[in-house]
There are 2 protein chains.
Amino acid sequence: MYITCLDLEGVLVPEIWIAFAEESGIPELRRTTRDEPDYDKLMKWRIGILREHKLTLRDIQNTIAKIDPLPGAKEFMDALRSECQTVIISDTFEQFAAPLMKKLGQPTIFCNSLEVDKDGFITSHKMRCEKSKLTTVRALQSIGFETIASGDSYNDLAMIQASKAGFLFRTTDKIKADYPDLPTFTEYSELLGAIREQLKK
Amino acid sequence: MYITCLDLEGVLVPEIWIAFAEESGIPELRRTTRDEPDYDKLMKWRIGILREHKLTLRDIQNTIAKIDPLPGAKEFMDALRSECQTVIISDTFEQFAAPLMKKLGQPTIFCNSLEVDKDGFITSHKMRCEKSKLTTVRALQSIGFETIASGDSYNDLAMIQASKAGFLFRTTDKIKADYPDLPTFTEYSELLGAIREQLKK
């Protein structure tokens, strides 16, 4: 029995921090794991910047409210979920994801959470588990699922490689070049087609 | 971070085999785990009865197509899923569950599967894992979730008792009497209220 595990940002919705960097006019917030590979360090630094600019969780949520799923993402998810159990596995936070999940038809998402003080400032981030994408895929495999995985970034590679079938989606030229054996798609129809092929096996 | 784990039959939709026993006019198929606690033995016996009556998977699916979720179940699921990640953990089969999931707004379900021959006869059942409800809840806990669980039957007790909060829903008088410490509800509004209380903790 198969379950499909998908990355969120870059695959189904735009990058949230990039959108917020633009909306807030704070270009430093464009910094991602490509610049700072240590996610914990990056998040602490982001939380510091937010505090410095007196920006609360609500401010970020107001930006997220204006973000729509990528064109075709909702239709892709609707089709996929009617044919295969599907879980989004993301490093984002439940407080960011909620409005986006509503727009995607309420798929299941396994992500992280933020701690917020009484004034609405983000005080810390709480990771659900270590190496969340790989650990989650392994846990699903341990309860009898075969996994199919897709994502766009370095942090998706482990779950893609640990799965029965794995696909890169809208990834960078660098990752494509580094992992030439992984099928790479840019259109939802291609990704859906490849997942359907695997479901027949 | 919480995830809610729900039983399917009796909690969100009627009992599928009971509906099929009535529709097909084969009263023996009303036999459940209350009569035969060994699920593997029960399923093999059911598959034999179907074969004897020349009934295929399609015949059962035709009955299931006429089954609706219990009144209020869809609204309950919509409300719950917008507030908490939710997974249905069921001993049913993906081939039975699919049309019901569509009517419930496509929630995620972790269940089992059936093997079917080229003539459409069910040849065997394939369980996803051992003690699927408890094993699945433990796997979710291993990846950083605290679980909330609800169900109506004996096979739900392990996941209910292993969870941070567990609730019986529309259960039998016998189970209520045997487990007087477990909160028991009959209305979706009560169950949703109890889950909301737990989410605040």
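Over all chains, the count comes to 30 salt bridges, taking a salt bridge as a side-chain nitrogen of Lys or Arg within 4 Å of a carboxyl oxygen of Asp or Glu. This is a predicted model, so local features need pLDDT of at least 70 and side-chain atom pairs count only at pLDDT 80 or more, while totals for chains, interfaces and linings use all residues. As for bookkeeping, residues are numbered from 1 along each chain as its sequence is written, chains are lettered from A and ligands numbered from 1 in the order written, and side-chain values use heavy atoms, with hydrogens and water left out.

**How the two chains relate**

**A pair within one helix**

- B:Lys74 and B:Asp78 join their side chains in a salt bridge, at 2.7 Å from N to O.
- Both residues sit in helix H4 (residues 73-83) of chain B, four residues apart, which means about one helical turn separates them (helices, H or I of at least four residues, and strands, E of at least two, are DSSP runs numbered from the N terminus).
- B:Lys74 is partly exposed at 28% relative accessibility, and B:Asp78 is partly exposed too, at 33% (buried is under 20% relative accessible area, exposed over 50%, partly exposed in between, with a 1.4 Å probe and protein chains only).

**A pair linking a loop to a strand**

- B:Lys164 and B:Glu146 make a salt bridge whose closest N and O atoms are 3.2 Å apart.
- B:Lys164 lies in the loop between helix H7 (157-161) and strand E6 (165-169) of chain B, and B:Glu146 in strand E5 (residues 146-151), so this pair ties together parts that are 18 residues apart in sequence.
- With 51% relative accessibility B:Lys164 counts as exposed, whereas B:Glu146 is partly exposed at 31%.

**Further salt bridges**

- B:Glu197 pairs with B:Lys200 in a salt bridge, with 3.0 Å between the closest N and O atoms.
- B:Glu197 is partly exposed at 42% relative accessible area, while B:Lys200 is exposed at 67%.
- Over in chain A, a network of salt bridges links A:Asp7, A:Lys133 and A:Asp156.
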